[in-house]
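Dear colleague,

I am handing over a structure that you have not worked with before, and below it I have set out what was found in it. Please read the notes with the structure open beside them.

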Amino acid sequence: QVQLVESGGGLVQAGGSLRISCVTSGRTFSAYAWGWFRQAPGKEREFVAAIPWNNATTYYADDVKGRFTISRDRAKNTVYLQMNSLLPEDTAVYYCAEDLEYCLGYGCSRLDDYDYWGQGTQVTVSP
């Protein structure tokens with residue numbers, strides 16, 4: 001059974017930084033990629049960033065490119081999302097997800113293709 005547990009969310013002022021983490025456990029050796037998604041109140045869940053199993057590349061949504069960085073520590077089975085220059089519109093519940101199949105053709109951005117999800121961590125950015 002694969003489990004993903006996010007942590008590190010909180011309240012931060014606009015312009016500030018926050019790093020959230022996702023610890024993965026279970027049959028993670030079979031995963032192809034990991035992604036971060038977010039969902040703001042009243043909005044659909046949207047793609048934020050993704051990284052494949054070999055850490056060879058990274059993918060970002062346009063509105064976070066240059067501000068957010070996804071990374072993975074293989075030894076710790078942990079995926080991180082470093083968020084800098086945060087904006088109030090970044091306020092959302094952030095979810096970590098695991099995709100078991102090849103997804104590089106579309107930047108691993110399709111929500112429905114992910115197989116396992118964490119419970120989410122709240123990030124609130126005040127003006």
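**Threonine 91 and its surroundings**

In this model, which is predicted, the side chain of threonine 91 reaches the backbone oxygen of proline 88 at 2.9 Å. The side chain of threonine 91 also reaches a backbone nitrogen, that of valine 125, at 2.9 Å. As for its place in the chain, threonine 91 is found in the loop that runs between strand E8 (78-83) and strand E9. If residues up to four places away in sequence are left aside, threonine 91 touches Ala40, Gln122, Val123, Thr124 and Val125. Valine 12 lies 79 residues from threonine 91 in sequence, while in space their C-alpha atoms are 9.7 Å apart.

**Two residues with positive phi**

Asparagine 55, which is not a glycine, has a positive phi value near 55°, and its place is in the loop between strand E5 (46-52) and strand E6 (59-60). With a relative accessible area of 30%, asparagine 55 is partly exposed, because that class covers values between 20% and 50%.

Cysteine 108 is likewise a residue other than glycine with a positive phi, near 55°, and it sits in the loop that joins strand E9 (92-99) and strand E10 (116-117). Is cysteine 108 buried or exposed? Cysteine 108 has a relative accessibility of 0% and therefore counts as buried, since the cut-off for that class is under 20%.

With kind regards

Technical notes. Residues are numbered from 1 along each chain as its sequence is written. This is a predicted model: local features need pLDDT of at least 70, side-chain atom pairs count only at pLDDT 80 or more; totals for chains, interfaces and linings use all residues. Side-chain values use heavy atoms; hydrogens and water are left out. Helices (H or I, at least four residues) and strands (E, at least two) are DSSP runs, numbered from the N terminus. Buried means under 20% relative accessible area, exposed over 50%, partly exposed in between (1.4 Å probe, protein chains only). Contact means heavy atoms within 4.5 Å. A polar contact is a pair of N or O atoms within 3.5 Å; within protein, one must be able to donate a hydrogen and the other to accept it, and residues adjacent in sequence count only if both atoms are side-chain atoms.
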